[in-house]
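Please look at the sequence and the model before reading on.

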Amino acid sequence: MTTYFLRHLQVLFQSLGRLARTPFASLMTIAVISITLALPSGLHVLLENARAVTSGWEGGAQISLFLKRDTSDQVARALAEQLQRSSRVAKVDYISRTAALEEFKRLSGFGQTLNALERNPLPPVLVVYPMVGGPTPVDLESLVAEFNRVGDVEIAQLDMQWVKRLRAILNLAQRGVVLLGVLLGIAVLLIMANTIRLAILNRRDEIEVIKLIGGTDGFIRRPFLYEGVLQGLVGAAGAWIVVHTTLVLMADPIRRLASLYASGYELRGLGLLASLGLLAAGGLLGWTGSWLAVGRHLRAIEPR
Amino acid sequence: MIQVSHLHKRYPGGHDALRDVSFELADGQMAFLTGHSGAGKSTLLKLITLIERPSRGQLIVNGKNLGKYRRRRIPFLRRQIGIVFQDHKLLYDRTIFDNVALPLIVSGHRHQEIARRVRAALDKVGLLAREKMYPIELSGGEQQRVGIARAVVNRPPLLLADEPTGNLDAELSDEIMDLFHSFNQHGVTVLVATHDLRHIRRLNMPIIELKNGSLVRTTVAEA
Ligand SMILES: Nc1ncnc2c1ncn2[C@@H]1O[C@H](COP(=O)(O)OP(=O)(O)OP(=O)(O)O)[C@@H](O)[C@H]1O
Ligand SMILES: [Mg+2]
């Protein structure tokens, strides 16, 4: 068992030595892999940040209950109190018809024109703030449907359409990133396969001699697989560095942008899990790429 | 050790390199394989090491029938045969020590065992002091001796050599042949392909002589 382990360790160091002996070629391959993996990883980070920001906005969701126009102040207040008692509701604001008109006058700038109206055209409104961040998540859609069934309510409206649209766009973008990741993953695979193919052809004589003295295919394959895994891993680590360097460079402008929206949002990098995933993907792609190359080219090299 | 009967080899181009060759080389025997250039000497050695496959006939090496030998098993057959090449086939980016150690590394020996055996093999060919050098720094004869050390380091029961003295002067090639002779005296079966009749006379060994792929004369057992 320890012999087996030692032998693998030996091959690992041999592969490291080989990579170090051709530093330029190895660095080129590693740089290409880094850049290729950095692109989907970076987009993933951006998306995750966008998601985190908009999930904060979801807390600001409110439902406007436009009551029937002839609802009296008393009935409206009673309804507000009744809703307030629900565990799914955090707060209810009552905007009376007069208050609504005042606010509209103030905000719209049509003050004089509206004064000319004989009757107040606005309905009384209850603004309901759903309980978010509670023990059970509130299903906003079903809450709206319930409010719509209340007798005094003309119409209940969730003021969140645009958040939803943004959400849909983010989901679409997520798909795009996954797709891009798959395509670029295939690119890494091909880069690795080609690198290892060249390594095999470079060491043709050595492979021939090893076959002549009784080396198995597995023995010959092993250092190439290690080489592939190593370059994939280092390439993934490089991608991580590229992504985080970019984030550091972008941190200032983003902080300024965030301050415009009065939020003290801090950029997040790749989390631990995502970082490990990136490394694993690099290693796996390197291994698979070299495995493909070795499978194809090792058989073709036979002693003559 | 080697039993050959009605062996036939036709290369893809249609050339018959061996025709109906039969002989037997007993365990512990040493013989010279001889014949003109193109007679089929290398071809016979390549069949014994499964570098080439026989077209017809039977070939048994160390008790194993090579007729339908599985590709995956070939490495394990080759570990029982030491092969010496005219062009040495050394790895020029590795030290003498590492070159000789290769067969032991390939078959997974322990580290200490490898060092011990490599030094013993280098000592036998008189190159122990050169273990840290690279092949480029050695003369042709010395490189050939490294090749021989690599061939015997695994203590194979069978040793094959294809024109091992091809590029060497008389004195050096005598040394090399004497080396093969001494391995034979330690019980290794040895088959050396050469067209240098001088060695054959000098060492008075049995011969297997080919001509245009056919066996014309042999002083080993005819199977
Ligand atoms: N791979 C091959 N494909 C086709 N023909 C071959 C091949 N190898 C050898 N031959 C032919 O088979 C014949 C025997 O070749 P072989 O190499 O066995 O001769 P040899 O006795 O070793 O000669 P030499 O003393 O010159 O080394 C030659 O005519 C050669 O041209
Ligand atoms: Mg020959």
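## Contacts between the chains

A polar contact is a pair of N or O atoms within 3.5 Å, where, within protein, one must be able to donate a hydrogen and the other to accept it, and residues adjacent in sequence count only if both atoms are side-chain atoms. In this predicted model, 5 residue pairs, both at pLDDT 80 or more, are in polar contact between chain B and chain A. Both α2 (74-78) and α3 of chain B supply at least two residues of the side that touches chain A, and α3(B) gives the most, with 4 residues. By class, that side of chain B has 10 nonpolar, 2 polar and 9 charged residues.

Across the interface of chain B and chain A there are 3 salt bridges, and the side chains of D217(A) and R71(B) meet in a salt bridge at 2.5 Å, N to O. The two chains bury about 1900 Å² between them, with 58% of it on carbon and sulfur atoms; R71(B), R78(B) and V106(B) supply 30% of the area that chain B buries against chain A, more than any other three residues.

## The nonpolar cores

The largest nonpolar core has 38 residues, and those with the most contacts inside it are F32(B), V118(B), L159(B) and F180(B). Among the elements of chain B that each supply at least two residues of this core are β3 (30-35), α4 (111-124) and β8 (189-193). Apart from this core lies another, of 35 residues, including M1(B) and L160(B).

## A buried loop residue

T165(B) lies in the loop between β7 (158-162) and α6 (170-185) of chain B, and T165(B) counts as buried because its relative accessibility is 6%.

Methods
Residues numbered from 1 in each chain as written. Chains lettered and ligands numbered in written order. Predicted model: local features only at pLDDT ≥ 70, side-chain atom pairs only at ≥ 80, totals over all residues. Heavy atoms only, no water. Buried < 20%, exposed > 50% of the residue type's maximum accessible area, 1.4 Å probe, protein only. Core = buried A, V, L, I, M, F, W, Y, C linked by side-chain atoms within 4.5 Å. Buried area = accessible area lost by both parts, 1.4 Å probe. Salt bridge = Lys/Arg side-chain N within 4 Å of Asp/Glu carboxyl O. Nonpolar A, V, L, I, M, F, W, Y, C, P; charged D, E, K, R; others polar.
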